[in-house]
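Please read the following report alongside the sequence and the coordinates.

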Amino acid sequence: MDASREPNGSSAAGGESRTGPLRWSVVVFWLVLVTVVLAVIGVFLDRETRLAPFLVVLPALIAGRGSVRQTAVASTWVTVMIAAALFDTADDTIGAATATVVFAVVFNGLSIARAAQRVRSEHEIARLRSAAAALQRQLLRPFPLMTDQLIVHGLYQPVEEDSRVGGDVYEVVSSPYGSRVFIADVQGKGLPAISAAFSVLSAFREAAVVEPTLTAVVDALEDAVLRHNSFAAQAGESERFVTALVLAIGPDTEIQAINCGHVAPLMLHGDRDGPVLKGEPHVPLGLEALSPEPRTVEWFAFPQGSTLLLCTDGVTEARDPSGTFYPLEERAAAWDDVRPGDLPTTVYRDLRRHAAGTPGDDTALMVLRRRPLGEVD
């Protein structure tokens with residue numbers, strides 16, 4: 001398997017950015033600290049028996065982040081402390097003390113039940129988001145992808161956090177009209193975005209083979225997004241648009257591109273480094289009716305020995321802790337000597353360093369390289 005697939009595993013991307021459970025040291029620290037503080041206040045105010053019931057809120061707070069066992073330990077601690085404080089009182093207040101302890105036991109039991117319910121819900125959410133990410137990986141073909149004209153390395157890394165799994169898709173198709181390349185990002189997150197992404201992906205796989213022109217391919221994608229939005233509206237879901245970049249690559253050194261509001265491709269080829277598209281992007285898929293001008297093809301040179309880098313906005317919109325966007329074009333100038341097969345992981349590792357951890361959005365990267373003339377599979 002190509003090295004660029006490495007980040008696609010179950011690995012790093014999902015867990016690092018999630019808030020972890022409470023550590024036992026934190027639980028013990030707060031139990032002891034709050035108990036000591038209330039005891040000291042009680043001594044100074046001579047109201048230690050009245051302050052003790054305030055401890056009962058501790059298990060409820062721990063239940064919001066801690067495990068069931070941590071909540072149970074906190075509940076036991078609080079009940080014992082309240083009982084020790086209240087029953088060292090006069091006999092005429094024993095009834096009120098008993099009622100307070102019973103209330104603490106009931107309230108702490110509810111806290112434990114709440115922690116158990118929260119843990120079950122978190123496990124279910126984790127299972128669903130992992131299933132969504134696994135579904136994406138199954139429907140998106142693994143890199144490297146090859147056609148008569150191209151070798152395409154790449155990387156796809158979903159976020160796998162809460163409902164933030166996005167709709168990034170890519171594909172490379174060999175057709176009678178040359179190689180067709182597609183990368184897209186659906187507006188929004190979660191399962192509805194994934195559904196829209198697979199609709200447009202399926203449309204591309206079909207249109208790329210049968211349509212003779214790139215504009216006809218993009219028209220088919222536009223129709224697919226409109227059909228999906230029509231169905232979504234009937235189901236009470238939000239309509240979505242899709243940013244996309246579609247390329248047509250044949251044996252000639254010049255290739256065709258239609259950019260539907262997507263991140264522009266970058267050339268990595270010595271003095272030709274940088275963006276290759278000079279025109280303004282067209283409107284995203286699903287919004288053609290809002291544009292007064294039809295989508296048109298732009299041509300640019302893609303000679304032997306050059307490398308083309310495609311990505312989604314999970315790369316360009318990644319921020320560092322100060323809020324600065326990832327400077328992809330600036331960093332790309334240093335990657336001329338990196339092997340195409342190693343470039344996706346090189347970019348992703350640099351992206352993680354910039355973001356001080358896992359990026360907050362899905363990441364899709366494609367590295368296009370012309371196959372040497374005369375090479376056979």
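## Cores, sheet and surface patch

Of the 55 residues in the largest nonpolar core, those that touch the most other members are Phe 182, Leu 247, Leu 308, Met 366 and Leu 368. The largest share of this core, eleven residues, is supplied by helix 7 (residues 191–210). A second core of 18 residues is separate and includes Leu 155, Leu 309, Ala 318 and Trp 335. A nonpolar core is here a set of buried Ala, Val, Leu, Ile, Met, Phe, Trp, Tyr and Cys residues joined through side-chain atoms within 4.5 Å, where buried means under 20% relative accessible area, exposed over 50% and partly exposed in between (1.4 Å probe, protein chains only).

This is a predicted model, in which local features need pLDDT of at least 70 and side-chain atom pairs count only at pLDDT 80 or more, while totals for chains, interfaces and linings use all residues. Residues are numbered from 1 along each chain as its sequence is written, and side-chain values use heavy atoms, with hydrogens and water left out.

Helices (H or I, at least four residues) and strands (E, at least two) are DSSP runs numbered from the N terminus, and two strands pair if DSSP finds at least two bridges between them. An open sheet of six strands, with antiparallel pairing, has the order 1-2-11-10-7-8. Strand 1 (145–146) and strand 8 (274–275) stand at its edges with a single partner strand each, so one side of each is left without a neighbour in the sheet.

Within this sheet, five of the five residues of strand 10 (residues 307–311) are buried, so the strand is largely enclosed by the rest of the structure. Both of its faces are covered, with Thr 307, Leu 309 and Cys 311 on one side and Leu 308 and Leu 310 on the other. Its pairings are as follows.

| Partner of strand 10 | Sense | Bridges |
|---|---|---|
| Strand 7 (residues 266–268) | antiparallel | three bridges |
| Strand 11 (residues 363–370) | antiparallel | five bridges |

Leu 309 is the bridge partner of Leu 266, Thr 307 is that of Leu 268, and Cys 311 stands opposite Leu 365 in strand 11.

On the surface, Trp 24, Val 28, Val 32, Val 36, Val 40, Val 73 and Trp 77 form a nonpolar patch with about 560 Å² of accessible area together. Helix 2 (24–45) and helix 5 (68–86) each supply at least two residues of this patch, and the largest share, five residues, comes from helix 2. Val 40, which lies in helix 2, is partly exposed, with a relative accessible area of 40%. Accessible areas come from the Shrake-Rupley method with a 1.4 Å probe, and for residues only the protein chains shown count as cover.

Terms used: Patch = residues over 30% accessible without salt bridge, like charges linked within 9 Å, V, L, I, M, F, W, Y side chains within 5 Å. Salt bridge = Lys/Arg side-chain N within 4 Å of Asp/Glu carboxyl O.
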